[in-house]
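Reader: Please take me through the fold and the aromatic contacts of the protein shown below.

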Amino acid sequence: MKKLLLATTATALIAGSAFAGGHAKDVKLGILIGFTGPIESLTTAMAAGAELAMKEVTESGALLDSATVTPMRADTGCIDNGLSTANAERLIADGINGLIGGDCSGVTGAILQNVAIPNGMVMISPSATSPGLSTMDDNGLFFRTAPSDAREGQVMADILTDRGIKSIALTYTNNDYGKGLADAIVTSFEAAGGEITISAAHEDGKADYSAEVGALASAGGDMLVVAGYLDQGGLGIINASLDSGAFDIFGLPGGMIGDSLPENVGPDLNGSFGQIAGSGGDGIEKLTAMAGDAFDATSPYTPESYDAAALFMFAMQAANSTDPAEYGSKILEVANAPGEKIYPGELAKGLEIIKNGGDIDYVGASAVELIGPGESAGSYREIEVKDGKNETVNFR
């Protein structure tokens, strides 16, 4: 561990030399998310949200010495550790000052351990939710604006209980995200008195899920909860279940929420329900108005992406530096009380308050409140599919 810390310190010192006086006229923020893969239908809006925050700050001229903030996109494939780490290394070589990402939990852990920690690079993930990331030894470099699946498991158990569901079959994608979320759902639902008839993994990328659905149907249950990906195996499980008549109502955790699922499944998905990280109120309303018709600001993890970018820029202003070794410790400070509450569209105002020695409490679009090791305390939208669309029916 001592050798790792020494190596990290040395790397940070080398990286710091690239920042003249700790400032840079061009601040580069990497956006490392799954532009291909099982959540690709979500990532266009996620990237647009992060880039909107950068554009807002650049046009204001309020960051440091009127710095220009430039986004640099790269792909994780969501579930491709090799692609993710290679692209993270390329972004580091290209001189990024901070990394928005990863997106899916497994690749996020791989990027953190193999690239971010050795290079002293701060990461803020807008969508990685595995509980395992909460306890990872990250040298204070990792934060996330999305809540842990430990929280989502409790929220899902509450929703199932409130809807009178007594028993569920559960299937999950066979990776860090799926396993962590499935464990959280099992623990929370059983604690609430519910029955898990089966908890079984499925692999993404298969053409036929009839065998998996057969095992789930044999176990039975009031409904099937699918802790998978909306553009991959989760979609396949639902279609196979409907084709065989095994289940007709589905529980949809965060990885299954997005416009493409009801579009691809059709009217048979009506009545299914679940939850996705998100909040109501002034923050999301302001971001939605700012985005206009350019992109859907309410798309899953898009508010969290805007907020991740904003936190980077506020922390840099608070440290008067674009060096990760200097601004990383400021992220919790700008995210939480005390201070004046700052919402989307008010980034210049927040930067000026910090510049003048004041404090901000960044609320943003997703009701930012970072706890523990630097992750979101967690508010959720309860979703139900109605007339072929995901509708928010409650907040939790």
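Author: The questions that follow go from the overall fold to single residues. This is a predicted model in which local features need pLDDT of at least 70, side-chain atom pairs count only at pLDDT 80 or more, and totals for chains, interfaces and linings use all residues. Residues are numbered from 1 along each chain as its sequence is written, and side-chain values use heavy atoms, with hydrogens and water left out.

Reader: What is the radius of gyration of the protein, and why does it agree with a compact globule?

Author: The radius is taken over C-alpha atoms, and the globule rule is 2.2 Å times the number of residues to the power 0.38. For 396 residues this rule gives a value near 21 Å, so the protein agrees with it at 21 Å.

Reader: What percentage of the 396 residues is buried?

Author: Buried means under 20% relative accessible area, exposed over 50%, and partly exposed in between, with a 1.4 Å probe and protein chains only. By this criterion, the buried share of the protein is 56%.

Reader: How are F312 and Y327 arranged as an aromatic pair?

Author: The structure holds three aromatic pairs, where rings of Phe, Tyr and Trp (its six-membered ring) have centres within 6.5 Å. Planes under 30 degrees apart count as stacked, over 60 as edge-to-face and the rest as tilted. With 6.1 Å centre to centre and 80° between the planes, F312 and Y327 are edge-to-face.

Reader: Which helices does this pair link?

Author: Both F312 and Y327 are buried. The two residues are 15 apart in the chain, and the pair links helix α11 (residues 302-319) with helix α12 (residues 324-327).

Reader: Why is the pair of F314 and Y362 tilted?

Author: F314 is in helix α11 and Y362 in strand β12 (residues 360-362), 48 residues apart. The ring centres of F314 and Y362 are 5.4 Å apart and the planes lie at 55°, so the pair is tilted.

Reader: What is the relative accessibility of Y362?

Author: F314, its partner in the pair, is buried with a relative accessible area of 1%. Y362 also counts as buried, and its relative accessibility is 0%.

Note on methods:
Helix = DSSP H or I, 4+ residues; strand = E, 2+ residues; numbered from the N terminus.
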